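Visitor: I would like to go through this model term by term. Please set each value against its cut-off.

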Amino acid sequence: MAPGEIVLERASRAFALAHERNRTLKEAFARPFVRHRGGRSVVHALDKVDLRVAPGEALGVVGRNGAGKSSTLRCLAGIVPLDSGRAECGGRVVSLLELGAGFGPEFSGRENIYLNGALHGFGRDEIEARIDAIVDFSELGEFIDVPVKTYSDGMYLRLGFSIVAHLDADVMLIDEILAVGDESFQSKCLERIADQMERGATLVLVSHDPRAIERVCRRVAVLDAGRVAFDGPVAEGLPFYHRLLADEAAADRPVRAGETALG
Amino acid sequence: MRYAFLFEQMVRRELRQKYKGSVLGVLWYLVNPVVLMGAYALVFSVLWRIVDIPDYPLFLIVGLIVWVFFAQALLAAAPSLVLSAPLVRKVRFPREAIPASVATVQLITFAVMLAILVPVALAVRGSLDPALLLLPVIVTLLFGLVLGLSLVVSALHAHYRDVEPVLGAALLPWFFLTPIFFRVDDLPGVADHRLIGDALEWANPIAPFIQALRDVLYTGAAPSLGVLAYLLGVAVLALGVGALVFRRLERDLAVIL
């Protein structure tokens, strides 16, 4: 695989909603033959998803809550394995999937930069070379040396994004967290993402904010119930997504007397 | 190795969490085995007089520090993955680094205790033996056993949450069956039940390690080839099983934690 290339081929992953599971050794030994088939609901988070992203491309991913956006990122990042199919990224993958992902709460922002860099496979020298740029970009000032458990959501975003944006990744996977930042920092983030893309990085950005997608991505995939419902230019994809939401809202609404489903 | 720096970071994290940054913290851990040694020596050698072993405190402490390393490492490793759930669920990295860093921190503690014990042992025995050169070998193999088992218990506990308490409960009788404060050959019952005697010495993977360390530090002789072969075999087996079990069980860790 070329660095920066992303391939999802018939990627499938289901989660069983664990109502009852053998969670202790005692249960496993005491009830070895009880199978909890009946009444166990299965969620198909990814259902034969096919997507290919070329190096240097920016793909936006939208969908309702539960459509499979975060699961897709987690499978691409290698955190959750697939049941079948392929989900691979070429080159160095850096992900920002949740606020405070990978932070040790007792440690300062600076120490967490080292820890986060290390988690992504960077060595001490590589991090040293970047640490000043990371601290500057975050605009955290003296708070960089304070334990991160005292940070607000916005500060977590500043630190987390700073780190991710300076690790010179081939693939950046970013989940819907930008909304937590204030307008000016969000702008700064999107600019920085654009810079990285000019360097040749590939981006997969999950967001509920159409403006963020429009600003950075030219292509968007709309996920619905684990499937790719639309894959194409942003100009067509976002209206498609809105229509999908409107249709579903209309379908959910109980029909009142005198009203038809069409209006 | 790309993740060498990560491993270093995790060991520092563990060390800091355990010792809260104080150098004396490591020395604190010496207090536990020394107190135990004092108590056992008092009861078995002085008061009850059922052991007739020269330099009994030295005999005791060698076995005790091996046991403390083994038991503490496993007890800390078992919940380690669960405690690091936020990390495991959100970032991709080699997860074996977690139980490995826990075991390494215990190894550091063990090494410090050994460093203090060796000169004491030499002073008590009054001789410097070439068998001492085997010490790093024995310690390395012991770490192999501990690391392998740490991988197993950490992965198992993530799936079955009573592994940690079960382990805690099992370690108590295990301690008493390990020849820490007695010699198997000294037990009166062993003469009539030779099989049990052999089981005590060989079926318990920790026993030959204590035997080897006693040979070097307490007796001043090299361990027998049989013991050394056993140590090597057990270490390799534990690492192999540990790696296998961990690989199998860690697939869906991000989902079940």
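**Terms and values**

Visitor: Why is B:Leu200 called partly exposed?

Guide: B:Leu200 has 18 other C-beta atoms within 10 Å. A residue is buried if 20 or more other C-beta atoms lie within 10 Å of its own, exposed if 12 or fewer, and partly exposed in between, with C-beta atoms placed from the backbone. So 18 makes B:Leu200 partly exposed. The model is predicted: local features need pLDDT of at least 70, side-chain atom pairs count only at pLDDT 80 or more, and totals for chains, interfaces and linings use all residues. Residues are numbered from 1 along each chain as its sequence is written, and chains are lettered from A and ligands numbered from 1 in the order in which they are written.

Visitor: Where is B:Leu200 found, and what does B:Leu200 touch?

Guide: B:Leu200 is found in helix H9 (residues 194-203) of chain B. Helices (H or I, at least four residues) and strands (E, at least two) are DSSP runs, numbered from the N terminus. Not counting residues up to four places away in sequence, B:Leu200 touches B:Leu177, B:Pro179, B:Val184 and B:Ala207. Contact here requires C-beta atoms, placed from the backbone, within 7 Å.

Visitor: Which strands of the open sheet in chain A stand at the edges, and why?

Guide: The order is E5-E6-E7-E3-E8-E9, with mixed pairing. Strands pair if DSSP finds at least two bridges between them. E5 (93-96) and E9 (227-233) of chain A each have a single partner strand, so one side of each lacks a neighbour in the sheet. The twist averages 15° from one strand to the next.

Visitor: How do you know that E8 and E9 of chain A are paired?

Guide: E8(A), residues 219-224, is joined to E9(A) by 6 bridges, and the two run antiparallel. The cut-off is at least two bridges, so they pair. A:Leu223 stands opposite A:Val228 in E9(A). H2(A) packs on the sheet, and its direction makes about 150° with that of E7(A).

Visitor: Why are H3 and H6 of chain B called roughly antiparallel?

Guide: H3(B) and H6(B) pack at an angle of about 175°, with their axes 9 Å apart. Axes are lines fitted to C-alpha atoms, for helices over the stretch in contact, and angles run from 0 to 180 degrees between N-to-C directions. Angles under 35 degrees count as roughly parallel, over 145 as roughly antiparallel, 65 to 115 as roughly perpendicular and the rest as oblique. Therefore H3(B) is roughly antiparallel to H6(B).

Visitor: How do the residues of that contact divide?

Guide: The contact of H3(B) with H6(B) has 16 nonpolar residues, 2 polar and no charged. Ala, Val, Leu, Ile, Met, Phe, Trp, Tyr, Cys and Pro count as nonpolar, Asp, Glu, Lys and Arg as charged, and the others, Gly among them, as polar.

Visitor: How many residues of each chain are in contact with the other?

Guide: 26 residues of chain A contact 21 residues of chain B. H3(A) gives the largest share of the chain A side, 4 residues.

Methods
Contact = placed C-beta atoms within 7 Å.
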